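Thanks for coming, everyone. Please look at the structure on the screen, and I will walk you through it.

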Amino acid sequence: MNWLKAFNPSDIAGGMKLTGKRFRQVLFTANRRKVPMHFVAEYPEVKVKLAPRYRGRLTMIKDEQGEIKCVCCLACEKICPTQVITIIKGKKEGRKMPFPTRYDFEMERCIFCEFCVESCGFDSIILNHQFELATYNREDFSLGMEGSENMFENSAVGKFSVAE
Amino acid sequence: MPMTLTQTVVMALIQIVVLLAVIMAVVPIITFAERKVIGYVQVRLGATRIAGGHVGITGPINRAMWALGRVPVFSILRGLPIFMADGLKLLTKEDVIPEKADKLVFILAPAICMVPAFAVFAAITFFPGAEGLFTFPASFPIVGGLKFMGFLTDINVGLLYILGVASVGVYGIVLGGWASNSKYPLLGGLRSAAQIVSYEVPLSMSLLVPVLLVGSLSFRELSVKLATEMPLVAAVPLFLGFFFYLTCGFAETNRVPFDLAEAETELVSGFHTEYTGMKMGFFFLAEYANMIVVSAIAAAFFLGGHYLLPFGLQSQLIHALGAGHALNQPSILFFVGKVGFLLFVFLWIRATLPRYRYDQLMHVGWKFLIPVTLVNLFIAAAIKFVWM
């Protein structure tokens, strides 16, 4: 009589009670309340909620005076497993520390491992929370310190979100 | 008023067209409801948009649906246009016939599956009253002054007709599986044949309970008398029979948890693996039409049909309040509501239960359902003998 256990009416009723409860919750309380019951994000309209340690695109940070915090120690360039960072050291008037004249980042090979951020002793680079990084051109993946695609702001490309 | 031959033919044609149109409209809505209900049960949202996003041709539709998402319960209607997209997709897909397939049978199988599923509706009574659903105004050319009845025909072997015609549908599945000339469809078709042959017996025996209690096979007479002329004890075999019938109905329509004929994890997609385009669409149409038939039979015979209370309890209400009371009047809304609830139960069960193993299915069919439906039939016979 083991086969009858699979048809135990109380088990079936218990399962249907649970699924019925979920159905009721989502039917009456879901859809853009403050605390939605459903687990999915309606992505293009509502932005996905990311964890604080989410690893997005590499970004350079400026301090309060608007100075680039990077001091060209080349730690990130050395530790990068795919060697996507290229830094050229330079000098700037009125600055004691070395100043990067170029900081090139080839995003198409980047694996978003965050080793560069961990190795940085001056907290001058972070991985931001941008995940919409797709572009139509290969050149858009080459980021530098100048131009519209620079290392300081979010990429302008690949914005599909229409969040309110 | 006696009807002329022309009037009879035109009236029947109008009823057939209306009935087919309603079925053809309801079946895609069930497929949409299936996505939504299963989505909500799994704490997802289901279909909420159609292709194209907020720009392009479908932009206005998608923006309207996005705005609808703010409304609490009506947000379930988001994504409703997707059933039109589904239909268009099925109609415009390439129709592939495998080279080694038996061409005639391959083309015939979806039709064999679908025609019985639709023909069954001829014997189903949607409203039993002699006054009909509405009367055509006298200004209409041929049918002026005639009543639009709530049933197509009221043959005195209605239930026998339904059982006989509905079981022809399995030939479509078996022949489709065989004609595909491929191992998975063949296995699916054979499984389906074995399953339906096994479950035909307890299904018929659970339906014998209402037949025994009323003493008729006419769908209309059964559904009216089961609600209004039953003693209180008759609720026991009707209540038990409802669950037995529903279990067998799930097996007969090849729905989860008895969808062994399709069994994605084992048989790719079973008997319709080789089918594409609208041929596969016909199999789907037949499956959902069969769901409606099973729900309609369960609603009419066990859940009180066109009356308010299920399991023959309406007759107690009639004793208490008198036959003229408003709660004792038949209404098509009760029937449609019960059928809708049973269709929801189909989807609910699908979202809850996993598929049973083949041996479990056969065990429960032969060793459990047939004995208990026999006992149930015996209880009904005793009630008929003692109380009626």
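**The sheet in chain A**

Start with one pair of residues: in chain A, A:Glu106 stands opposite A:Ser142, which belongs to strand 5. Keep in mind that this is a predicted model.

Now, which strands does that pair bring together? Strand 3 of chain A, residues 99–106, sits on one side. Strand 5, residues 142–143, sits on the other. These two strands of chain A run antiparallel, and 2 bridges join them.

Strand 3 of chain A has another partner. That is strand 2 of chain A, residues 85–90, joined to strand 3 by 6 bridges. This pair also runs antiparallel. Pick out A:Ile87 on the screen: its bridge partner in strand 3 of chain A is A:Tyr103.

We get an open sheet of 3 strands in chain A, in the order 2-3-5, with antiparallel pairing. Where are the edges? Strand 2 and strand 5 of chain A are the edge strands, since each pairs on one side only. For those new to sheets, strands pair through backbone hydrogen bonds, either parallel or antiparallel.

Next, a loop. A:Asn137 lies in the loop between strand 4 (125–127) and strand 5 of chain A. Is A:Asn137 buried, partly exposed or exposed? Its relative accessibility is 40%, so A:Asn137 counts as partly exposed. Buried would need under 20%, and exposed over 50%. Compare A:Asn137 with A:Glu118, 19 residues apart from it along the chain: their C-alpha atoms are separated by 30 Å.

**Pockets**

On to the open spaces. The largest pocket has a volume of about 970 Å³. How many residues line the largest pocket? There are 37, and those nearest its centre are B:Thr31, B:Asp86, B:Leu90, B:Phe284 and B:Tyr288. Three helices of chain B each give at least two lining residues: helix 1 (5–41), helix 3 (82–92) and helix 11 (277–301). What is the lining made of? By class, the largest pocket has 17 nonpolar, 7 polar and 13 charged lining residues.

The second largest pocket has a volume of about 770 Å³. From chain A, helix 1 (9–29) supplies at least two lining residues. Which helix gives the largest share? Helix 9 of chain B, with 7 residues. Now look at the classes: the lining of the second largest pocket has 24 nonpolar residues, 1 polar and no charged ones.

**Helix 14 of chain B**

Stay with helix 14 of chain B for a moment. In helix 14 of chain B, a kink of about 35 degrees lies at B:Leu369, shortly before the proline B:Pro371. B:Leu369 is also one of the buried residues of this helix, which include B:Gln360, B:Val364, B:Ile370 and B:Asn376.

**Cavities**

The structure holds 4 cavities of 30 Å³ or more. The largest cavity has a volume of about 360 Å³. It is lined by 24 residues, of which B:Ala166, B:Ile196, B:Glu252, B:Thr253 and B:Asn290 are closest to its centre. Five helices of chain B each supply at least two of the lining residues: helix 5 (158–166), helix 6 (169–179), helix 7 (183–214), helix 9 and helix 11. Helix 11 of chain B has the largest share, 7 residues. By class, the lining of the largest cavity has 15 nonpolar, 5 polar and 4 charged residues.

The second largest cavity holds about 90 Å³ of space. Of its 14 lining residues, A:Cys80, A:Cys110, A:Cys113, A:Glu114 and A:Cys116 lie nearest its centre. The classes there are 12 nonpolar, 1 polar and 1 charged.

Note on methods. Residues are numbered from 1 along each chain as its sequence is written. Chains are lettered from A and ligands numbered from 1 in the order in which they are written. This is a predicted model: local features need pLDDT of at least 70, side-chain atom pairs count only at pLDDT 80 or more; totals for chains, interfaces and linings use all residues. Side-chain values use heavy atoms; hydrogens and water are left out. On a 1 Å grid over the protein atoms alone, a cavity is a set of points where a 1.4 Å probe fits but cannot get out, and a pocket is an open set with protein on both sides within 12 Å along at least five of seven lines; lining residues have an atom within 4 Å of a point. Grid points are joined across faces, edges and corners, and a volume is the space filled by probe spheres set on the points. Helices (H or I, at least four residues) and strands (E, at least two) are DSSP runs, numbered from the N terminus. Ala, Val, Leu, Ile, Met, Phe, Trp, Tyr, Cys and Pro count as nonpolar, Asp, Glu, Lys and Arg as charged, and the others, Gly among them, as polar. Two strands pair if DSSP finds at least two bridges between them. Buried means under 20% relative accessible area, exposed over 50%, partly exposed in between (1.4 Å probe, protein chains only). The bend at a residue is the angle between axes fitted to the seven residues ending there and the seven starting there.
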